Amino acid sequence: MLRLNCDLGESFGAWTMGMDAMVMPHIDQANIACGFHAGDPVIMQQTLALAKQHGVMVGAHPGYHDLVGFGRRSMNCQPHEIEALLMYQVAALDGMARVQGMELEYVKPHGALYNDMMANETVRGAIMNAIASYHRPVVLMLQATPQAEQHQKEARQHGIELWFEAFADRCYDDDGRLLARTRTGAVHSRQRMLEQVQQLATEQAVTTVSGHRLQLVVDTLCVHGDNAEGIAAIQEIREAIS
């Protein structure tokens, strides 16, 4: 069965982002911000406790060091810098999880770092190197695309495991990329979203913007809980895949 994952712990100080307490009961995996694009030690601690309360798997959600831009701006980092910033964030969240008797299980890069990972083999290699050199096995989560077999090959060369994710509410282009938000129909209506979820759950496929059927290897669905409407959508998605 498909898991549901959500980006959480993205508040910072007095600034609140998302509705984490309402999302957590309905998901399987919490991608927790590690302080570089969002989050802080207190928020990380609280989000981990919330995940433990609801029996939710936890993963690190590291990004570029870009609090002002919420990690959505690409940075021209060298591979060794990407490896270090990833390791720093993963180790921080992993350490805080262990204090609460939990274990970090995976890593899902955030924002521009995620996009760069999918588009740039050098960035992807640096991230895989960081995961491979961690002191114990953790899984890397990345986008399900028609290039999944190539990504699996790269992962095997690094000796790491991958989980592929799809997006419940986003329209796909024919090449497997998400349709740019600037284009009409990039974000699905509630009904179209549920249809796509059902198709992913039963067929491991999506219907693209031009009507083509695109086969995808999918382990987990990314959902968003930034508002009450998003929470309701997550509940509907949970019912649809169950």
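Strand E6 (residues 162–167) runs parallel to E9, with 3 bridges between the two. Strands and helices here are DSSP runs numbered from the N terminus, a strand (E) having at least two residues and a helix (H or I) at least four. Two strands count as paired if DSSP finds at least two bridges between them. This is a predicted model, in which local features need pLDDT of at least 70, side-chain atom pairs count only at pLDDT 80 or more, and totals for chains, interfaces and linings use all residues. Residues are numbered from 1 along each chain as its sequence is written, and side-chain values use heavy atoms, with hydrogens and water left out.

Phe 167 has Cys 222 in E9 as its bridge partner. Strand E1 (residues 3–8) also pairs with E9 in the parallel sense, over 4 bridges. Here Asn 5 stands opposite Cys 222.

Which residues of E9 are buried on each side? Thr 220 and Cys 222 are buried on one face, Leu 221 and Val 223 on the other. Buried means under 20% relative accessible area (1.4 Å probe, protein chains only). In a regular strand, side chains alternate between the two faces of the sheet.

Helix H5 (121–133) has 13 residues and spans 18 Å from its first C-alpha to its last, close to the 18 Å expected at 1.5 Å a residue. The expected span is 1.5 Å times one less than the number of residues. Its buried residues include Val 123, Arg 124 and Ile 127. Among the elements covering the buried residues of H5 are H3, helix H4 (111–119) and E6. Contact here means heavy atoms within 4.5 Å.

The structure holds 2 cavities of 30 Å³ or more. A cavity is a set of points on a 1 Å grid, over the protein atoms alone, where a 1.4 Å probe fits but cannot get out; lining residues have an atom within 4 Å of a point. Points are joined across faces, edges and corners, and a volume is the space filled by probe spheres set on them.

| Cavity | Volume | Lining by class |
|---|---|---|
| Largest | about 40 Å³ | 4 nonpolar, 3 polar, 4 charged |

Ala, Val, Leu, Ile, Met, Phe, Trp, Tyr, Cys and Pro count as nonpolar, Asp, Glu, Lys and Arg as charged, and the others, Gly among them, as polar.

E1 gives the most to the lining of the largest cavity, with 3 residues. Met 17 and Asp 226 are among that lining. For the second largest cavity, H3 gives the most, also 3 residues. Its lining includes Leu 86, Ala 130 and Tyr 134.

Conventions: Buried means under 20% relative accessible area, exposed over 50%, partly exposed in between (1.4 Å probe, protein chains only). On a 1 Å grid over the protein atoms alone, a cavity is a set of points where a 1.4 Å probe fits but cannot get out, and a pocket is an open set with protein on both sides within 12 Å along at least five of seven lines; lining residues have an atom within 4 Å of a point.
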